[in-house]
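Work through the exercises below with the model open in a viewer. Each task is followed by a solution in steps.

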Amino acid sequence: MSAEWRSFPPVTFGVLDPEDEDGGEEEDVEAGVRPEDARLAAGALVYGTHLLVDELFQDVQTLTQKRSNVAECERPLWLLEELPDRYALEYDAYFARRFLVTAIAMTSRFTNGSFQQLGCLAEELALRLLLREASARGERQSGDVRPHG
């Protein structure tokens, strides 16, 4: 799945640049990330993207069906409960749909190679959720089954 993560080259994950003249020193090589580990991280981010979109979609459906917001919803939510509590009354189905679209647009830029920078607070929040999803996936893959949170 790592090949889908096009906006960030391996050096972004800490892989030493082979064209770096100082990269030949032994201690520098030990400080870098192995290319296989960078591919695993990129793959975890792609997989996390799929989970992020699916779980946000489920949250949209829940809030739409219950005609509620995050603060007052009686059913558990996948991700929207993890947003800042301060505005939980504002996180209704309309907000959830817009947040889902924002997350899809942002992650599409990650995978199509056009990402430049985050454009708004909603993208920062979506990225935080994505990193949590990818981190949890990476922990499960490495055998560490501690719950994320």
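The exercises go from the whole chain to single residues and their contacts.

This is a predicted model, in which local features need pLDDT of at least 70 and side-chain atom pairs count only at pLDDT 80 or more, while totals for chains, interfaces and linings use all residues. Residues are numbered from 1 along each chain as its sequence is written, and side-chain values use heavy atoms, with hydrogens and water left out.

**Exercise 1. Describe the protein chain as a whole.**

Step 1. Assign the secondary structure, taking helices (H or I, at least four residues) and strands (E, at least two) as DSSP runs numbered from the N terminus. The protein chain has 4 helices and 0 strands, in the order α-α-α-α from the N terminus on.

Step 2. Classify burial by relative accessible area: buried is under 20%, exposed is over 50%, and partly exposed is in between (1.4 Å probe, protein chains only). By this rule 34% of the 149 residues of the protein chain count as buried.

Step 3. Compute the accessible area with the Shrake-Rupley method and a 1.4 Å probe; for residues, only the protein chains shown count as cover. The protein chain exposes about 9600 Å², and carbon and sulfur atoms supply 50% of it.

Step 4. Count contacts (heavy atoms within 4.5 Å). Among those in the protein chain with a separation of 6 or more, 51% join residues 24 or more positions apart.

**Exercise 2. Compare the span of helix α2 with its expected span, and inspect its end.**

Step 1. The expected span is 1.5 Å times one less than the number of residues in the helix. With 32 residues, α2 reaches 46 Å from its first C-alpha to its last, close to the 46 Å expected at 1.5 Å a residue.

**Exercise 3. Is Ser-68 buried or exposed, and what does Ser-68 touch?**

Step 1. Ser-68 lies in the loop between α2 and α3 (93-112). Its relative accessibility is 15%, so Ser-68 counts as buried.

Step 2. Not counting residues up to four places away in sequence, Ser-68 touches Leu-63, Cys-73, Asp-92 and Ala-93. A polar atom of the Ser-68 side chain lies 3.2 Å from the backbone nitrogen of Cys-73.

**Exercise 4. How many salt bridges does the structure hold? Examine three of them.**

Step 1. Search for a side-chain nitrogen of Lys or Arg within 4 Å of a carboxyl oxygen of Asp or Glu. The structure holds 4 such salt bridges.

Step 2. Glu-82 and Arg-132 form a salt bridge in which the closest N and O atoms are 2.3 Å apart. Glu-82 lies in the loop between α2 and α3 and Arg-132 in helix α4 (residues 121-141), so the pair ties together parts that are 50 residues apart in sequence. Both partners count as partly exposed, Glu-82 at 26% relative accessibility and Arg-132 at 27%.

Step 3. Glu-123 and Arg-109 meet through their side chains in a salt bridge (3.0 Å, N to O). This pair links distant parts of the chain, with Glu-123 in helix α4 and Arg-109 in helix α3, 14 residues apart. Glu-123 is buried, at a relative accessible area of 7%.

Step 4. The salt bridge of Arg-34 and Glu-36 spans 3.4 Å, N to O. Glu-36 is partly exposed, at 39%. A network of salt bridges links Arg-34, Glu-36 and Asp-37.

**Exercise 5. Which residues touch the most other members of the largest nonpolar core?**

Step 1. The largest nonpolar core has 31 residues, and Leu-56, Leu-63, Leu-80, Leu-83 and Phe-99 touch the most other members. To this core α2, α3 and α4 each supply at least two residues.

Step 2. Leaving aside neighbours within four places in sequence, Leu-56 is in contact with Leu-79, Leu-80, Phe-99, Leu-100 and Ala-103.

Methods
Polar contact = N/O pair within 3.5 Å; in protein donor to acceptor, adjacent residues only side chain to side chain. Core = buried A, V, L, I, M, F, W, Y, C linked by side-chain atoms within 4.5 Å.
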